[in-house]
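Visitor: Could you walk me through how some helices and strands of this model are arranged?

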Amino acid sequence: MKLLPPRETTLDLIGNTPLVKLEGPSREAGCEIYGKCEFMNPGASVKDRAALGIIRDAEARGELQPGGCVVEGTAGNTGIGIALVANALGYRTIIVMPDNQSREKMDTLRALGAELVTVPPTKFSDCNHFVHTSRRLAEETEGAIWANQFDNTANRKAHIDGTARELWEQLDGRIDGFTCAAGTGGTLAGVGLGLKEFDEAITIALTDPHGAALYNYFANGELQAEGSSVAEGIGQGRITGNLEGAPIDTQFRISDGEGLKWVARLLREEGLCLGLSSGINVAGAIALGRKLKADGVAEPRVATILCDTGFRYLSTLYNPEWLAAKDLPVFDWLRED
Ligand code: PMP
């Protein structure tokens, strides 16, 4: 394997993540399924890319000045990315998070030096929603910018310029399909737009968890949610600025149970410890691989995103009491009976 040359700065550690063939999912789908190892970014999630892209864009537009502050509302991973990038560039960070997200993310944000503000989880239409609270805080804070990851398309641009190009190069231009779930939609739309620039024939699929409205939107034009999910960071109820014009060819809906099954299998059979959005993405990639085969594509190759590390969810996904309280299956090896 070719070793990468030294990177010039710590920020150059973001992106250029490895791609790995996933054995179990490939066998299950009867085609090649690849996972982009975004948990290997310095902040251990795909959101480091958006954080860097948004901050560099704000600097280039002259909005973020030396010694300034970055404010954001986030399920946690974007905040962790912003805190690391801001530390490296000398900015302050203020993060607003709903208080039902994992303990580990909150502890991590505090440990990184971010100022953390938690709010109760509410509907987006509520003025105290974490997104609106973060916008207000940015307006009130001297020298601050609002990262606005949902509607700021510097987010998806990081995936057009980075993730999509990397996937294309890592697979030598032999890729038939890509799918992932959407939080802001930056990854899905950015990788979709970027891959379509290389080859319009690549199928881009949305993988939606239950409780999100996008599956129905792309299937029949109605933004309507059904059910619920405990997956953090995904599950969108509106067309964000990043999702506008996303080239979605087809869509799948994946349950938490199915996603958890793949989190368990990837851990026990392939040694990857991941969060639930990764498990849901892998289940979606299997569905896409099967669909492409059924549509007559010979030996399809499908890629998806392994969004973040499971170490971020030890108190939830890997905690038998938490799983039992949510009526979710406890992993076999964690069962005490
Ligand atoms: N998985 C996890 C764990 C996340 O934190 C996020 C970001 N909210 C996503 C997936 C979705 O990424 P995006 O915002 O690019 O849609």
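Guide: Two strands pair if DSSP finds at least two bridges between them, and helices (H or I, at least four residues) and strands (E, at least two) are DSSP runs, numbered from the N terminus. This is a predicted model, in which local features need pLDDT of at least 70, side-chain atom pairs count only at pLDDT 80 or more, and totals for chains, interfaces and linings use all residues. Residues are numbered from 1 along each chain as its sequence is written.

Visitor: In which sense do strand β4 and strand β5 pair?
Guide: Strand β4 (residues 92-98) and strand β5 (residues 115-119) are joined over five bridges, and M97 has T118 of β5 as its bridge partner. The sense of the pairing of β4 with β5 is parallel.

Visitor: Are helix α6 and helix α7 oblique or roughly parallel to each other?
Guide: The axes of α6 (residues 154-170) and α7 (residues 186-198), lines fitted to C-alpha atoms over the stretch in contact, come within 7 Å and cross at roughly 50°, with angles running from 0 to 180 degrees between N-to-C directions. Angles under 35 degrees count as roughly parallel, over 145 as roughly antiparallel, 65 to 115 as roughly perpendicular and the rest as oblique. The two helices, α6 and α7, are therefore oblique.

Visitor: Which strands are the edge strands of the open sheet of six strands?
Guide: The order in this sheet is β1-β2-β10-β7-β8-β9, with mixed pairing, and within it β7 (residues 177-180) runs parallel to β8 (residues 203-209) over four bridges. Each edge strand pairs on one side only, and these are β1 (19-21) and β9 (250-254).
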